[in-house]
Amino acid sequence: MKDDDGRVSRRDFMKSAAAAGAVGGLTLLGATAKGQGKVLKAGLVGCGNRGRGAIINHLEAAKFLNTEVQVVALADLYPKPLEQTRERLKQDKIDVPDNRCFAGFDGYKKLIDSGADVVLLATPPVFRPLHFETAVKAGKHVFMEKPVCVDPVGGQRIIAAGEAAKGKGLAVVAGTQRRHQQVYLAGKKLLDDGVMGTIWGGAVYWCGASSWINKREPGWSDIDYIMKNWINFAEMSGDHIIEQHVHNLDVMVWFLGSLPTFAVAVGGRARRQTGDQYDFFSVDYNFKNGVHVQSLCRQVNGAWSREGEELVGDKGLMRSGRIRLHSKEKVKEPEIPGHANPYVQEHVDLLDSILKGKPLNEAEQVANSTLVGVMGRIAAYTGQPVRWTDVSKDDGTYGKLALKPTAEDFETGQVKVPPDDVIPIPGNAG
Amino acid sequence: MKEKHSGSRHGLMKGAVSAGAAIGAFTILGATAKGQGKGFKVGLIGCGGRGGGALGNHMAAAKQVGLDSKVVATCDYFKGKAEGAGKKYGVPPERCFGGPNGYKQLLDTDVEIVLIATSPNFRPVHYEACVKAGKHVFMEKPVCVDPPGGRKVIAAGELAKAKGLAVVAGTQRRHQRGYQERAFRIQAGVEGKIAGGRIYWCGGALWYRTRAEGQSDADYLVANWVSFTEMSGDHIVEQHVHNIDIANWFIGHPPVTAAGFGGRARRKTGNQFDFHSVDFDYGDGCHIHSICRQINGTAGLGGEHFVFNPTTKAEKPDLKVPAFEEVGGAYQAEHADLLRSIVDGKPLNEARNVAEASLAAVMGRLSTYTGQLIKWDDLVKNEKSDWYSFTCKPTALDFETGEVKAPPDDVVAVPGKD
């Protein structure tokens, strides 16, 4: 702990919080004033690889800001990842005591009640809406991993809870880290400055290798199996068009500055093992003014790979953040301050916004990008075009679609695993 | 033979004379001078539904432009079909040829214009034979199923040019007034350069035939050709080529690369996919997204949609759109344009256009089947590339020599590896 640095930050924080008059900042002031120290307290829900990574990034961000964060609690369904995360934190001389490590499906509630100021949500996406709602209700700032839902109902819940967070002055940052990545921020600034002109089309890609698999072992319950193999079930992950490709879809809507009006898609399963997901999707996202962006995502070994985004404008091309002018003239890239690692910078921005009493709120943004993925997935699964309003509005065609098992089903134990290798087939045999 | 068509005859002679170098037209002049009438002797190779349709369209077009053409020979793999088609036009049975080599007999007759409407795998060999025999050609799309086939059509097209022979392809949108006007405006720079877009052919399943008891491999493949990649090129080639041709036409060149996905959801026989979705990269950031699907109960979507970069508009575009003539629909117009071009001694030559559209579709299919990015240059230029020589088996020549083994039904390409 660096007291000096801490004090400086604290002073800054008090000053700016007071100046901003922000409710979130004041809440926090209250908390710190109650003798909780000059530190923000963080709790992590979901101690898998990404969760562990997120909490380490969070600590790194605090260091970068010369502020202090204390990890006060951990939650996971299973003791093993909890223990692994504890061990990892010990390397940084952080000890989370037994009575603050919560296992089980209600662990997140206990964690939220344990006095954390900032809650990091990194469970499989199916749980995100319920966990986020609960965190906001309890007045917590939130960092949540992408994607944030697996179905239209979940997306709408995130947006509603995000509004509630706004009302309470709570910060929400999502794990779509390109929004905090220097190369993308520089590109977006150039776009906003008119350097590349209006965007007329393009393609976004996440074509790579297959993901990990955990095959069912004897003695595993349905819950055990679907939790350990969550990345292969659409009900848990949303399918990879959402779970992974959401990053590129997010860049697409961010740079275009609008959401697609409808999607036409194909997809299928060539080589996937276990679960019920596709291993490739190709979507035609239609935007206003006749703009089309093709999204291609694939998880098949031995196939062509490309990850990134390519958008074409009047005057230039954007390739994964970098702008190249049609004229071949060199573009001077603007300097973007901050941490070079976007996974850290997203936490820097979160913490900074809390400390300054100007809470960031990315809930709607990440929910929209996730729902864009949901649109594409439904279009591919059904062979029908899907409009934005079909998923974003509760009275839309798919507005009330909630995949089973839901997060709530896990808490009541009503979980039945969908059969492995049974996938949606568009159209009819006719 | 009707005297009132004599006006056209004059036109024919005048045009041919003024063009001078148009060997093809002279040939015809010779033929007509021999008292065969003021029209062309027409032959049909491939007497299926489209062949019969094309012949009907051709004869209507001939009448329209004032020619008294006559069907003088027919040919089909199944002789009965050739006879059926021939009967309709009074072709004597001895001029209705069957079998995989029947087309050679047809070319040995005094036929002047040959319509080719066999399944696409035969097109390169049949077209090349027609050109070598000095025939004008109408050929249905697509014109190949693999890169060597596409290149053969391009080469034969060049030979046709040198010989003054006309060739028009069944990509009939090129003869449809709405498309012609749009192409004219785009080429004039009215809207600017194409910055991106999408092309669709999404509809229901096509017909298919199951294998009959005791049917030979060759007979089964020919009968059920629209379900086998080796015969049709897969539906991205066989059907969607129309839309890909529009993209090539409007943009002005074929795509640089293709990266696509596809699969088989509900198809019942053969070895084709029933959907493909390809990112055709035309360079300079211009992506055209192609989607084609043949699955019942899915959304029916078609056509081409482009978006333009308005900063590249021509300052003073030529807005005098020519009066494109389209009588009796595009399927008739393509034949009328073919005939007029012959009569005028300015033979149309669409071999390259249709070969490039077919090759672009093949490029898309190679990508969806393998999961790899496929480059245009590897199909047409880089002789060392595996794709350059990639050949679908059985080939057209295998049918002629009788060495045909049908690929197994329902065994489809799987991209990538486990």
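View 1. In the domain assignment, chain B has domain 1 (3-173 + 328-350) and domain 2 (192-318 + 355-401). The model shown here and in the other views is predicted. Between the C-alpha centres of domain 1 of chain B and domain 2 of chain B the separation is 26 Å. The contact joins 24 residues of domain 1 of chain B to 31 residues of domain 2 of chain B. On the domain 1 side of this contact, α6 (123-132) and α7 (147-163) of chain B each provide at least two residues. The largest share of that side, seven residues, is from α7(B). Sorted by class, the domain 1 side in chain B has 14 nonpolar, six polar and four charged residues.

**View 2. Two domains of chain A and the contact between them.** Chain A is assigned domain 1 (3-177 + 342-362) and domain 2 (179-338 + 368-412). The C-alpha centres of domain 1 of chain A and domain 2 of chain A are 25 Å apart. Domain 1 of chain A brings 26 residues to the contact, and domain 2 of chain A brings 33 residues. Three helices of chain A, α6 (128-137), α7 (152-168) and α13 (342-355), each give at least two residues to the side of domain 1 that touches domain 2. Of the elements on that side, α13(A) gives the most, with five residues. The domain 1 side in chain A consists of 16 nonpolar, five polar and five charged residues.

**View 3. The six-stranded sheet of chain B.** The strands of this open sheet in chain B follow the order β11-β7-β10-β9-β8-β12, and their pairing is mixed. At the edges are β11 (301-309) and β12 (374-375) of chain B, each of which pairs on one side only. Strand β7 (residues 193-203) and strand β10 (residues 287-294) of chain B run parallel and are joined by eight bridges. In this part of the sheet, C202(B) has R293(B) of β10(B) as its bridge partner.

**View 4. Helices packed on the sheet of chain B.** Helix α12 (residues 241-251) of chain B lies across β7, β9 (275-281), β10 and β11 of chain B. The direction of α12(B) is at about 170° to β7(B). Helix α14 (residues 351-370) of chain B also packs on the sheet, where it touches β8 (257-263), β9, β10 and β12 of chain B. Between the directions of α14(B) and β8(B) the angle is about 55°.

**View 5. Nonpolar cores.** The largest nonpolar core contains 232 residues. Within this core, the residues with the most contacts are A42(A), V119(A), L120(A), V142(A) and M375(A). Helix α14(B) supplies the largest share of the core, eleven residues. Beyond its neighbours within four places in sequence, L120(A) is in contact with A42(A), L44(A), V45(A), G51(A), A54(A), I55(A), H58(A) and F143(A). Another core, of 14 residues, lies apart from the largest one and includes F122(B), W225(B), V404(B) and A406(B). In soluble globular proteins, nonpolar side chains tend to be buried together.

**View 6. Two cis peptide bonds.** Most residues other than glycine have a negative phi, and most peptide bonds are trans. In chain A, the peptide bond from K146(A) to P147(A) is cis, and its omega is near -20°. P147(A) is placed in the loop between β5 (141-144) and α7 of chain A. In chain B, the bond from K393(B) to P394(B) is cis, with omega near 0°. The loop that holds P394(B) runs between α15 (376-380) and α16 (396-401) of chain B.

**View 7. Two non-glycine residues with positive phi.** K93(A), which is not a glycine, has a positive phi of about 60°. This residue, K93(A), is in the loop between α4 (79-90) and β3 (101-103) of chain A. K93(A) counts as exposed because it has 7 C-beta neighbours inside 10 Å, and the cut-off for exposed is 12 or fewer. D234(B), also a residue other than glycine, has a positive phi near 80°. The position of D234(B) is in the loop between α10 (229-232) and α11 (235-238) of chain B. D234(B) counts as buried because it has 34 C-beta neighbours inside 10 Å, where buried requires 20 or more.

Key:
Residues numbered from 1 in each chain as written. Chains lettered and ligands numbered in written order. Predicted model: local features only at pLDDT ≥ 70, side-chain atom pairs only at ≥ 80, totals over all residues. Domains from an automatic or database assignment. Contact = placed C-beta atoms within 7 Å. Helix = DSSP H or I, 4+ residues; strand = E, 2+ residues; numbered from the N terminus. Nonpolar A, V, L, I, M, F, W, Y, C, P; charged D, E, K, R; others polar. Pairing = 2+ DSSP bridges. Axes fitted to C-alpha atoms, helices over the stretch in contact; angles between N-to-C directions. Core = buried A, V, L, I, M, F, W, Y, C linked by C-beta atoms within 7 Å.
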